[in-house]
Amino acid sequence: MHAIQLDGVVKEYTSHGEVVQAVKGVTLDIAEGEFFSLLGPSGCGKTTTMRMIAGFEEPTRGSVRLHGEDVTNVPPNKRDVNMVFQSYALFPHMNVWDNVAFGLKQKKVPTADIQRRVGEILEIVDLKGREKRRPREMSGGQQQRVALARALVNHPRALLLDEPLGALDLKLRQAMQLELKRIQREVGITFVYVTHDQSEALTMSDRIAVMNDGLVEQLADPRTIYERPASPFVAGFIGTSNLLSGTAVAGVVKLGEGRVLVPGQDGDVTVTVRPEKITICPDRPEGEISAVPGKVDEVVYLGTYNSYTVRLADGAEVTVFQQNAVDATLTAERGDSVWLSWQPQHSYVIGS
Amino acid sequence: MKLLKAYTWLVILWLASPIFVMILFGFNDTPSKSNTSWHGFTLKWYRELFAIDGLTDALITSLLIAVVSTAITVVIGTMLGLALGKHRFKGQGATNFLVFAAISTPELVMGASLLSLFVSANLPRDSITIIIAHVLFSLAFVTVTVRARVLTLDPSLEEAAKDLGASPWGTFRQVTLPAILPGVLAGAMLAFALSIDDYVVTSFVNGSTITFPLWIVGSVKTGIPPQVNVMGTLIFGIGVLIAISQSIAARRRG
């Protein structure tokens, strides 16, 4: 059974007499208990998509199903999903307890059950003993956890999170990422997570839908998204990646003196290879591997690794990451002529 | 610095002197009906506060009109303020303009035109027409204070309430209203204050109904009795108490 199904969902707005499509036809299924991320740059339609699942926006076309039931035109207060807002949207005139109990009170849950469930969830989010605090008396991270508890206490069929960690600083954000993952495992509820932060999506998700310009560009698990991007956009948006173009003849693309192995390919291709898969060395390496020559344009020391920018003969730039191993010596300096090489399985023809 | 201090105190004194005089002459042991020169201290007027029937009736009438017109104004003005602050709609500009026009219309003009309206509508002038007039001129003030508060409201607060299962009415009662309450209360206080001491507009539409300000103006020729000062002092005192409790509550809210 799918927790959430979107079928051909389109959302159009009229702005200054012109029709703008925020979402241009999204079809996806989210499984029960899954940690699912909608990832993309701002304006890609990810938030609009989530708001249609929550019921704050009505799709222009297409349908939204929750557990098989069509809820396309059901208002948000009658949908069994809850949302964690980017601004948290905690009720400022209520203390933590009343904020968290709000949803249960609306559903007329008996007082004894409210007491028990609010107590339990506050324990899970580590806020026991802070029941009487007002939201403004709490730190950003604590407010975040109140917002989470307020949604989770209702045992929704799915929890929708709209960039919930956006307002936190880096350290806290990383801690909360793991915390969210732990809480999701503990409560076993489907999470739909909207973010523009690719590392956040990779860290937490079971599956990711990468969105661009109102469409889903790729829907897969984090490893596939990273290793096998389906389009130049995905390759560029997720991490750093190098794109090399050329014409393949019998599985080999000649690039000046070098070559890129693309087994089974013929014709014009775009090849992507991740910076950390590339080895950098002064001489042409031996063996059945891809190898291209170039000149080092820039070397940047980044602590755990060095980043090289290498310019190829045709002008293309290639970024190479090299781990700072035991002896932190540089393989090449600025201006050196070098060879870049990688195993054929580490490069990938986009769209094949 | 010294000059600035002296100047500040002078301004405060100038602003407060009418109030001091009002309070002081409520304790004036005047033998005649006129209360314009000091004859010594007495508490007599506080004991005989309700001794003049016409004045007492006028005060009660004014209080009733103020309470009713404030209640009506707060309901309509809050709805208007919410609509203007939260939504974009056709005719919003016109509504905004009308609200402002009501503030800037001279009272004499408003009173005169209301009288023509009531006469041509064949409406008998009494407390009802006074209430209609008071709602009219205080509505703009409630609308403006509520709208200012609504504009500071995070729209996702209401979405959160709906998301958690609250009905539209439940959302308003439990989330929106508490959030805009300071604006609503400020508007209510303004409406009450405007209503209880309005003379100009009321004098056009009162018919034979006498309000507190109308009674005072009517008694100018024969002399204003000290009870008027006492009532003024009490109304002022209540206003000060409300203002103090508001600012304490605001400080507690942070």
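User: What makes the reach of helix H3 of chain A close to the expected value?
Analyst: Helix H3 spans residues 111-124 of chain A, and its 14 residues reach 20 Å from the first C-alpha to the last. The expected span is 1.5 Å times one less than the number of residues. For H3(A) this expectation is 20 Å, with which the computed reach is in close accord. The structure is a predicted model, in which local features need pLDDT of at least 70, side-chain atom pairs count only at pLDDT 80 or more, and totals for chains, interfaces and linings use all residues. Residues are numbered from 1 along each chain as its sequence is written, while chains are lettered from A and ligands numbered from 1 in the order in which they are written.

User: Why are the buried residues of H3(A) said to line one face of the helix?
Analyst: The buried residues of H3(A) are A:Val118, A:Ile121 and A:Leu122. A residue is buried if 20 or more other C-beta atoms lie within 10 Å of its own, exposed if 12 or fewer do, and partly exposed in between, with C-beta atoms placed from the backbone. Viewed along the axis of H3(A), the buried residues fall within an arc of 100° (taken from the directions from the helix axis to the C-beta atoms), so they line one face. An α-helix has 3.6 residues a turn, so residues three or four places apart point the same way. The buried residues of H3(A) pack against helix H2 (96-106) and helix H4 (140-152) of chain A.

User: Which exposed residues does H3(A) carry on the face turned away from its buried side, and what is the phi of A:Asp126?
Analyst: The face turned away carries A:Ala112, A:Asp113, A:Arg116 and A:Glu123. Just after H3(A), A:Asp126 takes a positive phi of about 65°.

User: Why is strand E8 of chain A called largely enclosed?
Analyst: Strand E8 covers residues 190-195 of chain A, and six of its six residues are buried, so the rest of the structure largely encloses it. A:Thr190, A:Val192 and A:Val194 point one way from E8(A), whereas A:Phe191, A:Tyr193 and A:Thr195 point the other way. In a regular strand the side chains alternate between the two faces of the sheet.

User: How do you know that E8(A) pairs with E3(A) and with strand E7 of chain A?
Analyst: Two strands pair if DSSP finds at least two bridges between them. Five bridges join E3(A) to E8(A), in parallel, and A:Leu38 stands opposite A:Val194 in E8(A). Five bridges also join strand E7 (residues 158-162) to E8(A), again in parallel, with A:Tyr193 as the partner of A:Leu161.

User: What makes E2 and E5 of chain A the edge strands of their sheet?
Analyst: The open sheet has four strands in the order E2-E1-E4-E5 (chain A), with antiparallel pairing. E2 and strand E5 (69-70) each pair on one side only, and are edge strands on that account. Within this sheet, five bridges join strand E1 (residues 2-15) to strand E4 (residues 61-66) of chain A. One of the pairs in E4(A) sets A:Val64 against A:Leu6.

User: How many residues does each chain give to the contact, and which helix of chain B supplies the largest share of its side?
Analyst: The contact takes 16 residues from chain B and 18 residues from chain A. On the side of chain B that touches chain A, helix H7 (155-163) and helix H8 (168-196) each supply at least two residues. The largest share, six residues, comes from H7(B).

Terms used
Two residues are in contact if their C-beta atoms, placed from the backbone, lie within 7 Å.
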